[in-house]
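Here is a short briefing on one structure.

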Amino acid sequence: MRTGTGDSGRGRGRGPWDRCVRAPRRVLIVAGMLCVLFGCTASGLGQRLSVGGFVASGTPSARAEAWAARYGADRPELFLVLRPRDARETLDGPAVRAAGRRMTQRLATEPGVLRARSYWTGPDRQLRSPGGRFALVRADLRGSETETARTAQRLVPRYTAGGGPFEVRATGAAWSLAQSTGQAHTDLVRAELIAAPLTFAILAVAFRSLLAALLPVLVGGVSAVGALAVLRVLTAVTDVSVFTVNLVGALGFGLAVDYALFMVARFREERARGLTPPDAARAAARTAGHTVAVSAGTVTAALAALLVFPFPFLRSMAYAGMAVVVLAALTAVIVLPAVLACWGPRVESSDPFARLRWAPAPTIGADSTLWRTVARAVTRRPLRWGTGCLLLLAVLVVPFAHGRLGLSDERILPSDVESRATADLIRREWGTSADGALTVVLPRADPVAGRPALDAYGRRLSALPGVREAVTATGRYAGGRRVAGGAPAGTGSRPRGTVAMLTMTPDPQSERAAGLVRAVRRLPSPGPAHLAGWAAQVVDARAALTSRLAPALALIAAGTLTVVFLFTRSVLIPLKVLAVAALSLTAALGGLVHVFQDGHLHRLLGDFTVTGTLDMTIPLLLFSVAFGLSVDYELFLLSRIQEHYRATGDNTAAVVHGVARTGRLFTAAALAVAVATGALATSGVLLLKELGFGLALAVLVDATVVRGVLVPAVMRLAGRANWWAPARIRPGRAPGPAPGDVRPGDELPAAPEGNVKLPATGRSG
């Protein structure tokens, strides 16, 4: 055993961590200065974040929206629902009509408003509810989604509070985005207030030290501030979603917990061997720090796959995630060893629960009797345990088979939020969604010379299943017949070209609406036709996601296989890592479908609206983030198994040792990460609720069922084949402790101290 004055030997002078440990105070001063710089750079980020980006860019419907805007027939960003305060008044009364016109004209002249129209300023009967109690004012706003949301945030309070003879309510995409942004900010504060004390308590119990429990806060704080600074720079060149702040907080703190736990656990092991704090910090950085760096590379590669998809929201989430992962890893392998070198003895003291214990508490990195017992049971009957674990995961996977993807609308908000409540009112009174319209732009059709063709086209459109009525320049159509004259808004704004407006009955997210979109696109039209509308955007977003899914999965697979192969120099283990991670995460997605799409347990998680779909960005984001965390745990487990195997050559003993050595650590890390990410499930915004629940479920399942049972069973069945590699790439010695570094307590009783076997002659297990 090495003495306290001993040297860590192989680790000294061989890595960047040596300089950090040799001059720790200098490292901490530089880190503090960088934090101040990051904080100054990140200032003002909130005003530059985007509130949209959920719709796929570059799709046919996105281009059609630009065409529709030229004719004034694009999707309105703001709706005001008006009802006379005096129940004796009607919408057609002289006083009400005059007041409605004045309000519409005043709204049209507001800064940021492109145009406004209402039941009293045009012939569109759709702006009046069938019951005659409500009327709509539609407003087209100028600028991007973020600019329209800010315009709505400025206008809506004034018009709802000062509606004169009307009761005024508001909804629409711009107002929904504005309110969801405010809700997300409120939820972030509440989630932190819930997660921070709970997580700190878990860490204090796990570390047995108040000072050690602050180390993840240090890593998470530095990485989060740095990531926010990176996002502030990125806002100058691209859109960055407002929800990236929530991801940076949850993911940054989750990774900080993982990395700090692994580093401190290894530091304490090395201290128990008699090393001084600087040497123990150096050894921890050389072993656990190496694994942290590899893990960060895997998580970053998984998040980079999100850049393949044409959703600005996902791309900004990928930027935020990659930034916080890299910074968390750098902080863990550079700043954390410096802290441990300076204050190592203090980290090991200040146990707040020492007086309450009747026996010494186990160290976080020490063997777990429970997990050693589980590992031995699994390795004795690996086929039985592995099959049972696969059956359990298969049960969780089943709901994923009927998962349906859609796009977010106002229903991601609680039912008592105004934009959501007003949208529900429109559905009840008009019998359709505010977004339940399709616009067909016909840029080459002549509304005068081509009247016969337009008339025939209007009849065909109105005869399609799911169309309540169609309006073209030649009249109004229903059920394949012309029922009245009229023209849609925007017709005549150009000498050539026109639009056809369709009011549909199915929900824009439904399969019936998707079938209607496909039917309209197949229908012969008088010239080229461009279909715009929310239902068309949903269909095109699904198609864009499907077309990019294979390249994204290939990128994740290639990155994972490469990193794990370089880490283990094994051919089989990278394939096993990829398969097990994909299976466990598919099970987590199945749980997401079961709860949020099918509506089970929704009272337990807080009331939310079951729409029958999941927002298509959330499974992608969840899969990428949780995949990275899953491989993260796998790499730390493999590093301990690999060290023991290359020292003893006993595969079964190495598997048992790895599970026993990391079991308690994984349990604490998973519980802390689940609390940190699961706090998002308390959000009133359905997107954050889905993300928080999914991440917490994925982490808990992965750290217990998968790492504790399935992985040991598979590795036991594979035996020495786990470690096979072609001779030309087989390493002489893997990174990590040399055979002489293995402690007597590391071996199972069957492997006596000093009797170390090499892989070439070791038992196959």
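R459 is partly exposed, because its relative accessible area is 31%, and values between 20% and 50% count that way. The model is predicted. R459 forms a salt bridge with D455.

**The R459–D455 pair**
- The closest N and O atoms of R459 and D455 are 2.9 Å apart.
- Both residues lie in helix α15, which spans residues 451-462.
- R459 and D455 are four residues apart, about one turn of the helix.
- D455 is buried, because its relative accessible area of 18% falls under the 20% cut-off.

**A salt-bridge network**
- One of the pairs is E270 with R273, with 2.8 Å between the closest N and O atoms.
- Both E270 and R273 are buried.

**A link between distant parts of the chain**
- R411 and D507 also form a salt bridge, at 3.3 Å from N to O.
- This pair ties together distant parts of the chain, with its partners 96 residues apart.
- R411 sits in the loop between β5 (405-406) and α14 (418-430).
- D507 sits in the loop between β10 (498-504) and α16 (511-522).
- Is R411 buried or exposed? R411 counts as buried, because its relative accessibility is 12%.
- D507 is partly exposed, because its relative accessible area is 27%.

**Salt bridges overall**
- Side chains of opposite charge can pair when their charged atoms come close.
- How many salt bridges are counted here? The count comes to 25 salt bridges.

**Two helices side by side**
- Helix α17 covers residues 534-568, and helix α19 covers residues 617-648.
- The axes of α17 and α19 come within 11 Å.
- These axes cross at roughly 15°.
- That angle is under 35 degrees, so α17 and α19 are roughly parallel to each other.
- The crossing of α17 and α19 is right-handed.

**A nonpolar surface patch**
- Which residues form a nonpolar patch on the surface? They are V30, L34 and L37.
- Together V30, L34 and L37 have about 250 Å² of accessible area.
- L34 is found in helix α2, which runs over residues 24-42.
- L34 is partly exposed, because its relative accessible area is 39%.

Notes:
Residues are numbered from 1 along each chain as its sequence is written. This is a predicted model: local features need pLDDT of at least 70, side-chain atom pairs count only at pLDDT 80 or more; totals for chains, interfaces and linings use all residues. Side-chain values use heavy atoms; hydrogens and water are left out. Patches are made of residues with over 30% relative accessible area and no salt bridge: like charges are joined within 9 Å, nonpolar side chains (Val, Leu, Ile, Met, Phe, Trp, Tyr) within 5 Å. Accessible areas come from the Shrake-Rupley method with a 1.4 Å probe; for residues, only the protein chains shown count as cover. A salt bridge is a side-chain nitrogen of Lys or Arg within 4 Å of a carboxyl oxygen of Asp or Glu. Buried means under 20% relative accessible area, exposed over 50%, partly exposed in between (1.4 Å probe, protein chains only). Axes are lines fitted to C-alpha atoms, for helices over the stretch in contact, and angles run from 0 to 180 degrees between N-to-C directions. Angles under 35 degrees count as roughly parallel, over 145 as roughly antiparallel, 65 to 115 as roughly perpendicular and the rest as oblique. A crossing is left-handed if the near helix is turned anticlockwise from the far one by less than a right angle, and right-handed if clockwise.
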